[in-house]
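Dear colleague,

Please find below the structure that I am handing over to you. A summary of the findings follows it.

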Amino acid sequence: MKNFDLKNGRRFYGHGIPHIKCEQLTGKLIVVEGADGSGRSTQIIRLVDWLETNGHPTVQVGLKRSSLVSAELDKAQQGNVLSRTTLALFYATDFADQLENIMIPALKAGFIVLADRYIYTLMARDMVRGMDEKWLKNLYGIAPEPDAVFYLSVEPEELVQRNLSKTATLDYWESGMDLGLSRNLFESFLDYQTKMQSTFHKLQKTYGFDIVDANRSTDAVTKELRKKIGALLEGK
Amino acid sequence: MKTFAELNFPGRLIAVEGLDGSGKSTQIYLLKRWLEAEGIKVYFSEWNSSELVKSATSKGKKRELLTPTTFSLIHATDFADRYERHLVPLLRAGYIVLCDRYVFTAFARDVTRGCPPDWVRGNYNFAAQPDLTMFFKADLEVSLNRILEGRPKLKFFEAGMDLNLSKDPYESFKIFQGRILEQYMAMSKEFNFVTMNANENVEKQQVIVRKLVSERIDLKKFKRRSPLPLPPSLPPTVEDKEELEDKSV
């Protein structure tokens, strides 16, 4: 396969990006996945702090942060006017823009790229909404395989508590309200997050990411992440 | 890829494809005018015209920050929005939908830009095949002249300047259009294109277009029940009022 580099073992999941060769991507790509309230952002802040203190240059990316479409995507979501395929492609555009303009240059320059969510969240959201997994896999075949993926797993009941204590409400999309599972936000949130979790477990079988028990304290999770990333950086 | 007819849609979709300057837009516009005059339920949809996606596309183009991948995806987003929001409901409702460019534009352009063909086709595989695709084939020189005469300045992506084919926009445009034409020709058979001679004069072509459409599609099935929208209702006459009063008693 032309998109596979034996030396550093990196590959694209599918067709990859035109004119980009895997062996050029010498940095490390570390992904943190998890629902809102799983502690993702906190852990990433801590990791950046730790990595930079130890002399590693880092770059951060996340969903809906591209300069190309993030504003339009926000607007579309507020009106909830886009159909599923459209929204999926819009998110893919946002991902591709950051991939090509931020992640790839950084990986070429040997940086550590920390991704606050990656294609797995995007795929899981669409799979829960009944979209074809094969279609999604082809679409996201542009993504390079990360060096590590940590899925911060938290029980839905615990997620509710954390979200409510933070914002006193539950997010419309994170509750999957567009699915019409329940008109009750609370019920819908639990139902949707349970579905998301089982989809992640299904994806885990294909993509083999690391499931981290994030029901534990922030410090305990940080400790585990550092240990695993430390080993990765040492080439173990 | 199945056509809308094969998928049992009551409506039919007609697409035109071709290079910039092939005259396809003029032809489909004249086709629309005719169908409307015939009292047929018709809807026209243009490539890259979804309101929501447009601002992102034009921003990307203006700042020249699109890569082949994002260029492809943003056009796919635009297409999906029109497809799901307009095309499918209208075809379900028995409309004749006319598309100025369809997925084949992406298949030709994005692949010319270096995107893997399977990836592009996979992304668009939610779309059914048109019931009729007319490919307007003009000599490359003819298309080029039409574009270059009308517009003195070529746009960056239009000229394929992102591909580094040539530093001269005109030279780049020529090479780029030539490659797109090759892509179109290569898929012509696979997708059942009806090739139209776009070097002919406009009126003659339109006669052929109309004949082809009426041969392929049983147009009388697509007529509106009421040929014209109803006139605005008149204020009730004295008799009407009396009648109403009679009834209410």
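Of the 236 residues in chain A, 42% count as buried, that is, 20 or more other C-beta atoms lie within 10 Å of the residue's own, with C-beta atoms placed from the backbone. Please note that this is a predicted model, in which local features need pLDDT of at least 70 and side-chain atom pairs count only at pLDDT 80 or more, while totals for chains, interfaces and linings use all residues. Residues are numbered from 1 along each chain as its sequence is written, and chains are lettered from A and ligands numbered from 1 in the order in which they are written.

Overall form of chain A

Chain A holds 8 helices and 5 strands, these being DSSP runs numbered from the N terminus (helices: H or I, at least four residues; strands: E, at least two). Their order from the N terminus is β-α-β-α-α-β-α-α-β-α-α-β-α. The radius of gyration of chain A, taken over C-alpha atoms, is 18 Å, which agrees with the value near 18 Å for a compact globule of 236 residues; the globule rule is 2.2 Å times the number of residues to the power 0.38. Along its principal axes, the C-alpha trace of chain A spans about 50 × 40 × 30 Å.

Helix α7 of chain A

This helix covers residues 185–207 and reaches 31 Å from its first C-alpha to its last, close to the 33 Å expected at 1.5 Å a residue; the expected span is 1.5 Å times one less than the number of residues. Among the buried residues of α7(A) are Phe189(A), Tyr192(A), Met196(A) and Phe200(A). Their cover includes α4 (119–128), β4 (148–153) and α6 (156–167) of chain A. After α7(A) comes Gly208(A), with a positive phi near 55°.

The nonpolar core

The largest nonpolar core has 123 residues, and Ala92(A) and Val113(A) touch the most other members. Such a core is a set of buried Ala, Val, Leu, Ile, Met, Phe, Trp, Tyr and Cys residues joined through C-beta atoms within 7 Å. Helix α3 (residues 84–108) of chain A gives the most to this core, with 13 residues. Leaving aside residues up to four places away in sequence, Ala92(A) touches Leu139(A), Tyr140(A) and Leu73(B).

The contact between the chains

Chain B brings 27 residues to the contact and chain A brings 25 residues, where two residues are in contact if their C-beta atoms lie within 7 Å. On the side of chain B that touches chain A, α3(B) gives the most, with 11 residues.

With kind regards

Conventions:
Buried ≥ 20, exposed ≤ 12 C-beta atoms within 10 Å, placed from the backbone.
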